[in-house]
Amino acid sequence: MEPHSTNIESEDTIAALATASGVGAIAVIRISGKEAIPVTQKIFKGKDLTTAASHTIHFGTIRDGEKILDEVVVSLFKGPNSFTREDVIEISCHGSEYIVKQLLQLLIRKGVRLAKPGEFTKRAFLNGRFDLAQAEAIADLIYSETEAAHQAAMNQMRGGFSLEIKKLREQLINFASLIELELDFSEEDVEFADRSQLKNLIYEIKRVIDHLISSFDVGNVIKNGVPTVIAGKPNAGKSTLLNVLLNEERAIVSEIPGTTRDFIEDEMVLEGIRFRFIDTAGLRDSSDKIESIGIERTKQKMKQASLIIYMFDVNSTSEKELKENLLELKSYNIPLVVVGNKIDKDKSNIIEFRNFDGIIFISAAMKVGIEELKANLVEMVNFANFKTGNVIVTNVRHYESLVKSRDSLKAALEALDDGISGELLAQDIRSSLIYLGEITGEITTDDLLGNIFSKFCIGK
């Protein structure tokens, strides 16, 4: 990639703690910039770093005058063959907070500036190390907590998503240039861009963009987890199920109906998928004002969920009642898992529900049927496309840019159908190109970059 424009700040040499703060065996301080090597050499006693080869490691001491601060290992990376494409030094010292503080203060006295959040990655982007979508994937990779999130971030960081966007832009740019050429010869009434070919191209690009947009539903689940509401009447066993799933006493369990008055939320990972389980207030008519508020919140949570686990007590629920409850739940158009609980008390009651398909019968208290329930939850999350290696959109910013790009292409198609002038057609295509370019950083603003990299951790 070609380097992007730089500013005065990018000329500074920066430093930050690259490892997590707190006491540990080792801490790593990262330094990047044209003064990284000479500044480190001033405080390092060991190998002459100014003459050392790139990608080498050297043992020595860091000294403040004659005072030895620590024994360290210094890793040397000379630009452009480094993460930031600048000269980079990484000092591995002992993980004392005192030592880290002393080293950073020493570097500052020598003219180095503390890095801002994400500034190392920002420099890597500005210096053409990778595009903006790949830079954002680095943050996703750092915060990934599941196999699925890790795989999605790795795919994006290695350029899978960027390649798709690049292909779309290249195809559009070719036709956009022809339409722009027409505008230069507007008085001669000539057409360089074949309108039928352009329409076919826009349809094809729009089809690809539609597919990427639709993948965001899966991508959002991969990145943020599956919000899963556990709903049902009071005393159906919802809190017991939450505790069993999490393998801890997270929710209060009581025989008294209405114990859960607000929702309790916690997470667990099943086969690489993160589920955000939400235990809710029991669904029933109640004169208790506080409980009624909890029930209303339950209904709101259910409408916002990606998955609903509806629990009922097989011993106290009639077939008619279950049928009515399921009819209401299905009107939400949200994937539903129906669970019949408390089979340990009387298994014969299962027969009453033989007319219902797909009910999973469990005993939350006795931990019976829990593995079957977990397997069913995983099946309900459709990762089929993701697991074949297809590109998945996980970033809200990318999703919004794709939607805007698609809207511009729709306007271009309408312009073609209505025979509107090439100038307005060119404007719609330019808009689509701009939105696609914002994804990969072909088009950027300081505000956009500031917003993106401010969310990174310091030292990355």
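A salt bridge is a side-chain nitrogen of Lys or Arg within 4 Å of a carboxyl oxygen of Asp or Glu. In this predicted model, 17 salt bridges are counted by that rule. One of them joins aspartate 210 to lysine 206, with the closest N and O atoms 3.1 Å apart. Both residues belong to helix 7, where aspartate 210 and lysine 206 are separated by 4 residues, about one turn of the helix. Aspartate 210 is partly exposed, at a relative accessible area of 25%, whereas lysine 206 is buried, at 17%.

A further salt bridge links glutamate 119 and arginine 113, whose closest N and O atoms lie 2.7 Å apart. Glutamate 119 is buried, with 7% relative accessibility. A network of salt bridges connects Asp12, Glu86, Arg113, Glu119 and Arg123.

Strand 9 (residues 264-270) pairs with strand 10 (residues 273-279) in the antiparallel sense, over 7 bridges. The two strands form a hairpin with 2 residues between them, and glutamate 271 in the turn has a positive phi of about 50°. Glutamate 267 stands opposite arginine 276 of strand 10, but forms a salt bridge with arginine 274, the closest N and O atoms being 3.9 Å apart.

The largest nonpolar core comprises 32 residues, and Phe161, Leu402 and Ile429 have the most contacts inside it. Helices 6, 7, 14 and 15 each supply at least two residues of this core, with helix 7 giving the most, 8 residues. Beyond its neighbours within four places in sequence, phenylalanine 161 is in contact with residues including Leu212, Val391, Leu402 and Ile439. A second, separate core has 28 residues, among them Ile230, Leu241, Val244 and Ala364.

Conventions: Residues numbered from 1 in each chain as written. Predicted model: local features only at pLDDT ≥ 70, side-chain atom pairs only at ≥ 80, totals over all residues. Heavy atoms only, no water. Core = buried A, V, L, I, M, F, W, Y, C linked by side-chain atoms within 4.5 Å. Buried < 20%, exposed > 50% of the residue type's maximum accessible area, 1.4 Å probe, protein only. Contact = heavy atoms within 4.5 Å. Pairing = 2+ DSSP bridges.
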